[in-house]
Amino acid sequence: MAAVVDPGKCVGCGSCESVCPVEAIKVQESVAKADESTCIECGACVSECPAEAISLP
Ligand code: SF4
Ligand code: SF4
């Protein structure tokens, strides 16, 4: 499992990337995506996202 980004809400700001402690989430082509094998589901990106685009399943 990993953090899930709603591509319709993500504005590509990169805040999630900056706050992730394990570098699991990256912005590619203006939309962030978390890597399933790296994400530790800490929730840091969820609270940091200004667009409320990230959730943890
Ligand atoms: S939940 Fe934590 S580990 Fe996973 S992408 Fe977000 S900040 Fe990184
Ligand atoms: S913090 Fe939110 S809006 Fe910004 S790049 Fe990450 S998912 Fe997208």
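**View 1. The antiparallel pairing of strands E2 and E3 in the predicted model**. Strand E2 (residues 25–28) and strand E3 (residues 31–34) are joined in the antiparallel sense by 4 bridges, where strands are DSSP runs of E with at least two residues, numbered from the N terminus, and two strands pair if DSSP finds at least two bridges between them. Within this pairing Ile-25 stands opposite Ala-34 in E3. The two strands form a hairpin with 2 residues between them, and Glu-29 in the turn has a positive phi of about 50°.

**View 2. The residues around ligand 1**. Residues count as near the ligand if one of their heavy atoms lies within 4 Å of it, and those around ligand 1 include Cys-20, Ile-25, Cys-39, Glu-41, Cys-42 and Cys-45. The shell around ligand 1 divides into 9 nonpolar residues, 1 polar and 1 charged. Cys-20 counts as buried because its relative accessibility is 14%, the limit for burial being under 20% relative accessible area (1.4 Å probe, protein chains only).

**View 3. The residues around ligand 2**. Of the 14 residues around ligand 2, those that come nearest are Cys-10, Cys-13, Gly-14, Cys-16 and Cys-49, and the shell comprises 11 nonpolar residues, 3 polar and no charged. Cys-16 is buried, with a relative accessible area of 6%. The structure holds 0 disulfides, a disulfide being a pair of cysteine sulfur atoms within 2.5 Å.

**Conventions.** Residues are numbered from 1 along each chain as its sequence is written, while chains are lettered from A and ligands numbered from 1 in the order in which they are written. In this predicted model local features need pLDDT of at least 70, side-chain atom pairs count only at pLDDT 80 or more, and totals for chains, interfaces and linings use all residues, with side-chain values using heavy atoms and leaving out hydrogens and water.

Technical notes: Ala, Val, Leu, Ile, Met, Phe, Trp, Tyr, Cys and Pro count as nonpolar, Asp, Glu, Lys and Arg as charged, and the others, Gly among them, as polar. Buried means under 20% relative accessible area, exposed over 50%, partly exposed in between (1.4 Å probe, protein chains only).
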